[in-house]
Amino acid sequence: MDILYKVFIDPFVQMGTAPDLLVQTLWDGLVAGVLYALIALGFVLIFKASGVFNFAQGIMVVFAALTLVGLHEHGVPAFVALGLTVVVMFVLALGVERLMLRPLINQSDIILFMATFGLTYFLIGLGQLVFGGNPKVMITSELYLPSGAIEFKGLGGFVSLQKIDIAAVIIASIMVAVLAVFFQRTRIGRALRAVADSHQAALSVGISLEQIWVIVWFAAGVVALATGIMWGARSEVSFSLQIIALKALPVLILGGLTSIPGAIVGGLIIGIGEKLGEFYWGPLLGGGIESWLAYVIALGFLVFRPQGLFGEKIIERI
Amino acid sequence: MLSTDLGLDTLPKLLIHNAAALGDRPAMRHKDLGIWQAWTWAQMLEEVRAFSVGLAEIGLKRGDKFTIVGSNRPRLYWAMCAGQALGAVPVPVYADAVADEMAFVLAHAEVTLAVVEDQEQVDKIIAVADRLPYLAQVVYDEPRGLKDYDHSRMIAFEDVRSIGRKKLASDPECLRQWEAGVAAGKGSDLSVILYTSGTTGRSKGVMLTYENTIISARNANAFDRLDQNEEVIAYLPLAWVGDYIFSYVQAYVAGYCVNCPETAETVVQDRREIGTTYAFAPPRVYENVLTLTTVRMADASAFKRKVFDFFIAFAGRWGEKILDGEKVPLTVRLLYGIGNLFVYGPLMNQFGLSRIRVAYTAGEAIGPEIFRFWRGIGLNLKQLYGQTEASVYITAQPDGNIRADAVGNASPDVEIKISDSGEVMFRSPGVFAGYYKDPEKTAEVLTPDGWVHTGDAGFFDPKSGQLRIIDRAKDVGHLKDGTVFAPKYIENKLKFYPNIREAVALGAGRDFVCAMINIDLTAVGSWAERNNVVYASYQELAANPRVYDMIARHIDEVNRSLADEEVMAGAQIHRFLILHKELDADDGELTRTQKLRRGHIIDRYSPLVEAFYNGLTEAQIATEVTFEDGHKGVIAARVAIRDMKPYPARAAKMERAA
Amino acid sequence: MRAPSSREAALGEVLLAVENVSLSFGGVNALTGVSFDIRKGEIRAIIGPNGAGKTSMLNVVNGFYQPQSGRIRFKGQVRTSMRPHAAAEGGIARTFQNLALFRGMTTLDNILAGRALKMHRGFFWQLIRYGPALKEEVEHRRRVEEIIDFLEIAAIRKIPVGRLPYGLQKRVELGRALAMEPDLLLLDEPMAGMNLEEKEDMSRFIIDVNQQYGTTIALIEHDMGVVMDLSDRVVVLDYGRKIADATPDEVKRDKNVIRAYLGEPHGTSV
């Protein structure tokens, strides 16, 4: 009886009695969710267009951030460094397409997946070689990203919103919107959907697979850069950042591996769910919910709705 | 309601009037290449006039007959009016008629010009060209496939129209002449010859004057308060009097808009897009939609099915009352409202019926359950009874007095009487002018003082005051022991079951009644899927013993209901079989309007009939069939025959007991 | 069937020439020294027993396979190693034996995808959907609707292709190939798995495409009746070699062809 009360009633009572804490938690969850969504987005882009699960997405985030900071450390002005990093990501996309995808074009998915493992270690090695293995600080002020926090009193208490978080949410939203429009409305977007559906059909209709792949990996690279900047600003730029990529997995399962809105919704659900869970139910279980709650939710989905909330149900006529 | 002005006594005159009075309102739409294209009354007048002048230039004159063959396309409707403006008479032919049928009508009517839709129709005409000495020109609408054909007597619709436009532009006299030609037309002129697809013998050409059709149309519009705001979809055969009246004459008289669908398969979608307000369909269509719905619901989750069943039953109980405006308890109204939100509304919307104010059905008896279903969910479904010889309307049901088992009261200006032999006779301004070139048949049907023998046996129901049709008069017969045998009555009861598509009852002059059944492939196929019955063809499914069991149960129920009726108790079904192939108009078994050709069927299936009355349990039959392009084949089968146990006449028993 | 003399006159110069093409995969010779040509405006059938190399031949023309030796000459130009999308850009469209449709997309979107190469306006214009981009979109949509009308598939316009019955899927694939406005249309067993009525419909469409749009057609087909009815000339392959190349009537009577189909064991001398 007591346990039932603690699990089902008490947390909601707490939410009600201290609304400012609730808002704070929701906000933190939102921010985390948005950032998870950004990472998941990178996976979705590549999977949708080339059918490859890009294990290297996480390291691409680190690599992009490192390149940016590294260039700046060498004296390149901030925005020029930003521009150069974008170019680097483009070159990376070209390289990946030509050296990794093209030779393996008709191989099975698992082989391509293993190839992305290789890519991961390559990028780790390259990053360490060029920029060194020490953690670095993100050049937030040079990029004119705000710091500090907005605080306001109200709701019976006190809520603090980090300005960098606000910026992150805004930038991420814009990015997602642009990508969504791109996929739905443009010729290239249509070609991407075609390639995702059937390589053979896309080829026979005259869509150049190579071109599409370069575009998509480049887009994923830009998303990785944005993610790197945001996450880097909140903590630091180091190789441990790639762990974040693992958090993307539950998001992808929830949202469906092929859906952009799914990545967003999934990210938000996981982010907010985690924070709420940690804050209100965490004490019951001795804390640490944050590290496993996402995976438990994902497990549930795998059992009941494996394609995720938005993923494509395979329509087959038997 | 537009024209009460008696000066507008022909259709071309009505068109000119509408173009002036309703200029910018839509007169006709056609969904082509995915979008709806519209023509206003003014634009339509221009099209018709140009085409008309063009037709005159290529030789069509007053008094000529011309034919229209094709599906519901604006240009074909325009062609009708264009010819009529010159004083020529349209003789439309069913688009799915085989070349043979077409040849008969075109030769009999001495048609000199044909306006057809596409290559398919052109090919048919070419195939029988040697039997059509009068035919001088063929105008076609759709040029696909005709590029390499010999064009010495063929010309494209667009070319004819260009000729007309050029003439009108260059010659000022031309317009005046054309208008004078229209003005010279009178209400008593012959306006159209519609060949009825006879259930016995060859078709007869029903001659209708402008007055016949316009007065009937005017009365019909008044009866249902149809005005220029109606939207109608034209999907029934052009050559059928119903379409001629609903989609042409009534539209011109009221000024409403007629919408032509993209293809036959997209009618439901198109109807939904337009949101039509007035509908007509034979009972079969309403049945099919209901069957489709039932079949789909069977595949839905248990929860959805329960909700559906509950609300439909609820609608069956209260829906009609609400539709008729009777008082019902508030709780009922609320619950009905919820039902409307979740079940009835979406259902009606799915089939494009949400905006329908009036929906008619006619041509065959309609099952009471079907009637109740549709009226229950809010469709104002009514029956009417008519004939080509009447310009359609003989009786119609007014709002507020609708029943499934009757066809209504006499339509405005129509008088009805029942002859001594029980035949329904009528007299009205819509009565036809006679059968073309067939004074004998005309005299058989039309009395000197204007009464028409309908050929149907019927009576006025004392309870409701409405007319009830039993059967075709000449089909009402007797069994050997004198029991009245009205085959259609029995067949209708059988066809009320979704599993039974068609039924033929036999028994005139015999000891007992037998029935040949066609199963409905959609309904029975779906049942087969759910019950793991495997079949590779219609024939195999029709021969399956479990299907026989299912049909036997239906026949048993019919027998029980017949047993309850004093007159019919002796006409219960003793034996039945399921036919190996569907009855088909192409094989001459049905008319083009899907009515049974009884005599013909009995001939073709005589081995089965013999087997029935010789007590055999199965029979071998080989039938010749005609495919759509005219070539023939043979289908053979071994058909099983089952016996049924008739019920004792209950009504009689109860009387004795009382 | 087809009036020979007037048709002969209507056919143009050589559109595609296959010159001594040989193709092998890891020791298996799919094609050996095959040469034939296809003239502009004709309907060319490629027939042969199973395993004769017919689909491989189409794949070479289409760019899916690169032959080890031999050349393809298309529109007078010799083609060097060519990728499928380049073949598409050059004016060759293709349907597949096992269908290669975008299963998740509707009929309309599938056929629209065929217009991919014809869409020129860049990303920015498309984003704004203004002016030239809009006009272009309308034009593409109109072409696609004409094809839908032509193939009589208006009723299934909005249905995801994965849900359609096989015969209709084949028709949609044909529609997509037509949307490319190809000079050369390659059909790989377009009638496979169809009943009589569907075959008649498909035959009618193929003839109409050839007559109305003037498209040159090469088709692989097993149904001899169809081949006789539709084609102007026939190439017969057997075990990767060409064994006959003539009009349908001549091919029907050719001894080698009869032997290949009815089979005397290969390798034994006559």
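**Contacts between chains and the packing of helices**

Nine residues of chain B are in contact with ten residues of chain C in this model, which is a predicted one. On the side of chain B that touches chain C, the residues divide into one nonpolar, four polar and four charged.

Chain C also touches chain A, and this contact takes 25 residues from chain C and 22 residues from chain A. On the side of chain C, the elements that give two or more residues to the contact are helix 3 (84–90) and helix 5 (123–128) of chain C, and helix 3 of chain C gives the most, with four residues.

Chain B itself, considered as a whole, contains 22 helices and 28 strands. Its C-alpha trace spans about 85 × 65 × 55 Å along the principal axes. The radius of gyration of chain B is 26 Å, which agrees with the value near 26 Å that a compact globule of 658 residues would have. Of the 658 residues in chain B, 45% are buried.

Within chain A, helix 4 (residues 78–101) has 24 residues and reaches 33 Å from its first C-alpha to its last, a span close to the 34 Å expected at 1.5 Å a residue. The buried residues of this helix are Ala81(A), Thr85(A), Met89(A), Leu92(A), Ala93(A), Val96(A) and Glu97(A). What covers these buried residues of helix 4 includes helix 3 (57–73), helix 5 (109–131) and helix 9 (209–234) of chain A.

Helix 9 of chain A also packs with a further helix of chain A. Two packed helices are described by the angle between their axes and the distance between the axes. The axes of helix 6 (residues 163–185) of chain A and helix 9 of chain A come within 10 Å and cross at roughly 170 degrees. Because angles over 145 degrees count as roughly antiparallel, helix 6 of chain A is roughly antiparallel to helix 9 of chain A. In this contact, Ile164(A), Ala168(A), Ile171(A) and Met175(A) of helix 6 meet Val223(A), Ala226(A), Met230(A), Ala233(A) and Arg234(A) of helix 9. The residues of the contact divide into eight nonpolar, no polar and one charged.

Most residues other than glycine have a negative phi. Asn532(B), however, has a phi near 55 degrees, which is a positive value in a residue other than glycine, and its place is in the loop between helix 17 (521–530) and helix 18 (538–543) of chain B. Asn532(B) is exposed, with 6 other C-beta atoms within 10 Å. In chain C, Glu152(C) has a positive phi of about 55 degrees although it is not a glycine, and Glu152(C) lies in the loop between helix 6 (132–150) and helix 7 (166–179) of chain C. With 14 C-beta neighbours inside 10 Å, Glu152(C) counts as partly exposed, since a residue must have 12 or fewer to be exposed and 20 or more to be buried.

Conventions. Residues are numbered from 1 along each chain as its sequence is written. Chains are lettered from A and ligands numbered from 1 in the order in which they are written. This is a predicted model: local features need pLDDT of at least 70, side-chain atom pairs count only at pLDDT 80 or more; totals for chains, interfaces and linings use all residues. The radius of gyration is taken over C-alpha atoms; the globule rule is 2.2 Å times the number of residues to the power 0.38. The expected span of a helix is 1.5 Å times one less than its number of residues. Two residues are in contact if their C-beta atoms, placed from the backbone, lie within 7 Å. Ala, Val, Leu, Ile, Met, Phe, Trp, Tyr, Cys and Pro count as nonpolar, Asp, Glu, Lys and Arg as charged, and the others, Gly among them, as polar. Axes are lines fitted to C-alpha atoms, for helices over the stretch in contact, and angles run from 0 to 180 degrees between N-to-C directions. Angles under 35 degrees count as roughly parallel, over 145 as roughly antiparallel, 65 to 115 as roughly perpendicular and the rest as oblique.
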